[in-house]
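Q: Hi! Could you walk me through this model?
A: Happy to, here it comes.

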Amino acid sequence: MSRFLVLYRSAVSAAEQMATADPESGAESMTAWMDWAKRAGDAIVELGSPTQSVAGGEPGSFIGGYSIMQADDLAGVTAALAEHPHRGWGGTIEILEMLGIPGM
């Protein structure tokens, strides 16, 4: 089974999104994430959290959060990310396969 680092990208930082969200839309967002997490099930190793850039990065491109997932292959993790709410909000999802380090 392979592990994957999943990055949630958007044009607006997670900090700004959380600061400007009203309580009702914030609750709806959390419900959508939790519903997706239930559907993804054991594919999720670590649900992750929102992130904030503190150094470097490309202006206007934010990594708003991450998850660590597992699947047999890219097709499996892609299937687990189907219907992820982040895409519905205009964000993109980047998938990186975590490679083993020889000798470790």
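**Salt bridge and strands**

A: Let's start with R9, which counts as partly exposed at 24% relative accessibility (buried is under 20% relative accessible area, exposed over 50%, partly exposed in between, with a 1.4 Å probe and protein chains only). This is a predicted model, where local features need pLDDT of at least 70, side-chain atom pairs count only at pLDDT 80 or more, and totals for chains, interfaces and linings use all residues. Residues are numbered from 1 along each chain as its sequence is written, and side-chain values use heavy atoms, leaving out hydrogens and water.

Q: Which residue does R9 form a salt bridge with?
A: E94, and the closest N and O atoms are 2.6 Å apart. The pair links distant parts of the chain, with R9 in strand β1 and E94 in strand β4 (residues 92-98), 85 residues apart. Strands here are DSSP runs of E, at least two residues, and helices are runs of H or I, at least four, numbered from the N terminus.

Q: How many salt bridges does the count come to?
A: 1, taking a side-chain nitrogen of Lys or Arg within 4 Å of a carboxyl oxygen of Asp or Glu.

Q: And E94, buried or partly exposed?
A: Partly exposed, at 28% relative accessibility.

Q: Which strand is β1 joined to?
A: Strand β1 (residues 2-10) runs antiparallel to β3 (residues 62-71), with 9 bridges joining them; strands pair if DSSP finds at least two bridges between them. R3 has Q70 as its bridge partner in β3.

Q: Switching topic, where is E83 found?
A: In the loop between α3 (74-80) and α4 (85-88). E83 has a positive phi of about 65° although it is not a glycine.
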